[in-house]
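Let's take a friendly look at how some pieces of this protein pack together. Have the structure open while you read.

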Amino acid sequence: MHRIRLLSKNLINRIAAGEVLERPSSAVKELVENSLDADSNKIDIFVRDGGKTEIKVLDNGSGMTQEDLKMSIMRHATSKFHNGIFSNINTHGFRGEALPAIGSVAKMSIFSKTDMCENGSEINVNSGNVSEIKPIAKEKGTTVIIKDIFFSTPARLKFLKSEKYENILIKKLIQKIAICNFNVDFKLHINEKLILVTTAKKHQDKMKNLKTRIVECLGLEFSENMKEFSYTSEAYKAYGYLGIPTFNHSNRSNQYIFINGRIVSDKNLNNAIRYAYSDFLAYDRHAQLILFISVPNQDVDINVHPAKSEVKFRDSTFLRKFISKSIKATLKEIGYESSSHNTRRLIKKFNPIHDLNFINSNQLEEKNPIDDKEYFARKKNTFFNKDEKVTDVVVQYPLGFAKCQLYKTYIISQTRNGFIIVDQHAAHERIVYENIKKNFYENKIKTQILLIPEIFKVDCLLIDVLNKYIVNLKRLGIVIEKFGHDSVIVREIPVILCECNIRELVSDVLEEIYENSNSEILEERINKIFSIMSCHGSIRAGREMHTEEMNNLLREMESTPFSGQCNHGRPTFIKLGLNDVEKLFGRK
Ligand code: ADP
Ligand code: MG
């Protein structure tokens, strides 16, 4: 018979390491969080071979005394928990596991010095074996070096991916940490190469400092396509930058979410974001955003997860609603904007440089050069109709005036400083969608009585649905009744849909209700129905439009919320600045 025995300290640490440390980037996260907890404002990170052979984190924080250094590598030893209360809740957690766990699966050296001590101290741990502490000369702060992580646990080593992949994870992690802690300077070196530098700005306006940090970490395009937002409800606050819907991404990796200054990943919050953007994004596209949430400390537990990435909320329903409400409110203000990303893509496509080879050099020489003055004179005449009072009018109408329609699908409109290409179907679909939605909630859907009611057969399953939802359909402006045992009669439809194919519309709506009739979330369902209705009610691609009709569409787009994207997050128009065009032709 086997007797029960306690596990050795080293084995316990290795088991903990399995939970705390999934891969090199987890170690980087623990070390940088410790540096932040020590109030550092300058943190340098060096990694080699995806962190597999070396990770070094240098900080200028409070440091540790010799005694503390000894304690720091003991399991369940922490300076972040006092007197039995969660006193120092603003730290990155206090499980006291990270350093002992790392020390058990790697060669770790820690060098540290506080302000109070004359000397610094050094300690070394080699797969759990601790060396004597040595005095050293050092500046205030702490340096931790980890070599050959997981060398004593080969099974874990095997699970790691390529060096490149591990590097990307580390870079993403530091970007996240740097965005969250925009008052701290970070430097990240990968294989001796400086990959990321951030310098904290001391501007009065915190949001400005955050924006600078976003540009440093994620680039200009990211910050260009973001809207600042801030929303408060009771003791809860949400703020940051939300990507406009057309600036979307294929996965959630560009959603930077922080709660009380910590990186978190939380399904509940993911759902809140998805829901808030659900009007604008297709299922496989994801919003890009930077979301800071501050909640009262007693409402959140940050210690539940070994890697401290998941958190537990006291009232997760309230939080979910609060977040989706605040995002929705901000998206409303975005109006007709469309992502500059699409413009860039367009310019790339247009860029003539690749095609120069195809142009016969004789043709180039034959061209009659005209001087700039003449060019601009001509330009004025062709670009603007003489009878249009260009300046005033164009300023009033940001989407400009329709000049022509191409392929019976795209409208070309000239604006004050460029031109735009509108997808007529996508744009109109959005307008109809917003119209139906607004009028539905205000109980103002205008209906039209059909002179000749439409009678048609439908599947008997759908007839059951119809009986249940007849009142709701009436609220949507569709007045419909059962007719005989297998048919329906439609008597009224919303005015805005009066040109659509009623049979197809009604069948699609009934099918949607049938497919989701068990769904609890009425609102998500109703949005889908609005979406079906608007698709039926909008101008098809392939329909010829008169100039007046096209201009009406542009005016409606300007006054419709979210008209920069269709219901699936695709842009409804793309703009090309005159500046860009001139650059393409080498005039600027
Ligand atoms: P925890 O962070 O949960 O307390 P760790 O094992 O990560 O556990 O660290 C143990 C202790 O070592 C910390 O509580 C802290 O007092 C000290 N420590 C670790 N890293 C640093 C650092 N960079 N600067 C100052 N103190 C540190
Ligand atoms: Mg720690």
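In which crossing, left-handed or right-handed, does α15 pass α19? The crossing is left-handed. Keep in mind that this is a predicted model.

**The helix pair**

Helix α15 covers residues 424-441 and helix α19 covers residues 547-559. Their axes lie 10 Å apart and the two helices pack at an angle of about 50°, which makes α15 oblique to α19. On the α15 side, the contact is made by Q424, A427, H428 and I431; α19 contributes L553, E556 and M557.

Elsewhere you will find an open sheet of five strands, with mixed pairing and the order β10-β11-β14-β12-β13. The edges are held by β10 (226-233) and β13 (262-263). Each of these has a single partner strand, so one side of each is left without a neighbour in the sheet. For β13, strand β12 (residues 255-259) runs antiparallel to it, and two bridges join them.

| Helix | Strands involved | Direction |
|---|---|---|
| α9 (residues 267-276) | touches β12 and β14 (289-294) | about 125° with β12 |
| α10 (residues 316-334) | lies across β10, β11 (236-243) and β14 | about 135° to β10 |

Strand β14 is a handy landmark here: α9 touches β14, and α10 lies across β14 along with β10 and β11.

How values were computed:
Residues are numbered from 1 along each chain as its sequence is written. Chains are lettered from A and ligands numbered from 1 in the order in which they are written. This is a predicted model: local features need pLDDT of at least 70, side-chain atom pairs count only at pLDDT 80 or more; totals for chains, interfaces and linings use all residues. Side-chain values use heavy atoms; hydrogens and water are left out. Axes are lines fitted to C-alpha atoms, for helices over the stretch in contact, and angles run from 0 to 180 degrees between N-to-C directions. Helices (H or I, at least four residues) and strands (E, at least two) are DSSP runs, numbered from the N terminus. Angles under 35 degrees count as roughly parallel, over 145 as roughly antiparallel, 65 to 115 as roughly perpendicular and the rest as oblique. A crossing is left-handed if the near helix is turned anticlockwise from the far one by less than a right angle, and right-handed if clockwise. Contact means heavy atoms within 4.5 Å. Two strands pair if DSSP finds at least two bridges between them.
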